[in-house]
Amino acid sequence: MGRYDHAAYVSLTMEFRCNLKCVHCMIEGTMDRLAPESDAHFEAVLAQNARERRWTGLILTGSEITLRRDLPDLARRARASGFEHVRIQTHGMHLGQPSFCRRLVEAGVDEFFVSIAGSDAESHDGLTLVPGSFERALRGLETLDAMEGIATLTNTVVTARSYRLLPGIVERLAHLKRLTQMEFWVYFPMAERDEKDLVASHAVLLPYLREAVLRARALGRAVEIKNFPECLLGDLGDALVNGQPELHIDPDFWREFERNGFYQCVHRDACASRECLGLNTAYIAKFGTEANLLQPLRGRRRAAI
């Protein structure tokens, strides 16, 4: 179960450049043609929230939001309009500069959602394809850890190349006292086939995912799992949280996203899960429907999907 109420946040995609080359990037094929939200739309969201107080938190995201030189100004304007929290979603490379961290915090950023791909420099940099990216992200998290009023979160994409690293990632970050939540996003390609061979079997990755969740919770951290069958999680089913903040993004993104074909499960009509996304097209093409592995959950009202 997560620590944050997704409905209380709105997320704006304000940048579509990135200086990493992550092997698991979902939008690498569309990054060049997706357009960030305009400054006019940004101001409209601020004005709406100033009137209605619909959200308490604003998330500034993109392929890499820290490439925007006016990021501190965006944060200041958001806080001035009444947002209680401003979060950035980032690969963390630029957080390795303590002065940059301080500028963002002084501007009003108080939540940092940082992507951590591996458990050490070798594994992380091997997935981001940029040497030094792990050390810079870790240095940033440690810098933020010394600042008052700051919360950090981490996101790890779970692929066939990274699932064994999950428990080690939790342990490597165990010393961070301001790390409030760890999220594990099970990879899916925005395509009908797993051309990169990154989709991992649910049965194979499950023991590592469970161990990571248990270790994180033992450290007092909230955990969210994305895109994994709820029935396989057993007593950890409450960690599955597929809800997201309202996302403002180029509509072309959704046309590509729909290619994933979620909600394919042979037990869909009999299952009472309110969170499960079932299987997607690429997973089924690689591993089949796994009818004998998946089991319908009973006794809870099924959400409309």
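Predicted model: local features only at pLDDT ≥ 70, side-chain atom pairs only at ≥ 80, totals over all residues.
## Basis of the model

Local features need pLDDT of at least 70 and side-chain atom pairs count only at pLDDT 80 or more, while totals for chains, interfaces and linings use all residues. Residues are numbered from 1 along each chain as its sequence is written, and side-chain values use heavy atoms, with hydrogens and water left out.

## Nonpolar cores

The largest nonpolar core has 71 residues. A nonpolar core here is a set of buried Ala, Val, Leu, Ile, Met, Phe, Trp, Tyr and Cys residues joined through side-chain atoms within 4.5 Å. Buried means under 20% relative accessible area, exposed over 50%, and partly exposed in between (1.4 Å probe, protein chains only). Leu58, Leu60, Phe112, Leu173, Phe184 and Phe228 touch the most other members. Helix H7 (residues 202–218) gives the most to this core, with six residues. A second, separate core has nine residues, including Phe188, Ile249, Phe253 and Leu277.

Phe228 shows what such packing looks like in detail. Beyond residues up to four places away in sequence, Phe228 touches Val186, His202, Leu205, Leu206, Leu209, Leu233, Leu240 and Cys276. Contact means heavy atoms within 4.5 Å.

## Helix H7

Helices (H or I, at least four residues) and strands (E, at least two) are DSSP runs, numbered from the N terminus. H7 has 17 residues, which should span 24 Å at 1.5 Å a residue. The expected span is 1.5 Å times one less than the number of residues. The end C-alpha atoms of H7 are 23 Å apart, which agrees. After H7 comes Gly220, with a positive phi near 85°.

Which residues of H7 are buried? They are His202, Leu205, Leu206, Leu209, Ala212, Val213 and Ala216. Their cover includes strands E5 (151–158), E6 (179–186) and E7 (222–226). Helices H6 (166–172), H8 (230–233) and H10 (281–287) also belong to that cover.

## Salt bridges

The structure holds 20 salt bridges. Each is a side-chain nitrogen of Lys or Arg within 4 Å of a carboxyl oxygen of Asp or Glu. An α-helix has 3.6 residues a turn, so residues three or four places apart point the same way. Glu211 is partly exposed at 31% relative accessibility, and Arg215 is partly exposed at 29%. Elsewhere, salt bridges that share partners join Asp39, Arg68 and Asp70 into one network.

Arg54 and Glu246 form another salt bridge, with their closest N and O atoms 2.7 Å apart. This pair links distant parts of the chain, 192 residues apart. Arg54 sits in the loop between helix H1 (39–52) and strand E2 (57–61), and Glu246 in strand E8. Arg54 counts as partly exposed at 45% relative accessibility. Glu246 counts as partly exposed at 30%. Arg17 and Glu15 also meet in a salt bridge, at 3.0 Å, N to O. Arg17 is partly exposed, with a relative accessible area of 44%, whereas Glu15 is buried at 9%.

## Asp250, a buried charge

Asp250 lies in the loop between strand E8 (246–248) and helix H9 (251–257). Asp250 is buried yet has no salt bridge. How far away is the nearest side chain of opposite charge? That side chain is Arg255, at 5.3 Å. For charge, Lys and Arg count as positive and Asp and Glu as negative; His and the chain ends are not counted.

The side chain of Asp250 does reach the backbone nitrogen of Ala35, at 2.8 Å. Not counting residues up to four places away in sequence, Asp250 touches Arg33, Leu34, Ala35 and Glu37.

Ala160 lies in the loop between E5 and H6. Ala160 is partly exposed, with a relative accessible area of 25%. Leaving aside neighbours within four places in sequence, Ala160 contacts Asp197, Leu198, Val199 and Ala200. The C-alpha atoms of Ala160 and Lys196 are separated by 9.9 Å, with the two residues 36 apart along the chain.

Thr143 belongs to helix H5 (residues 133–145). Is Thr143 buried or exposed? Thr143 is buried, with a relative accessible area of 17%.

Key. Polar contact = N/O pair within 3.5 Å; in protein donor to acceptor, adjacent residues only side chain to side chain.
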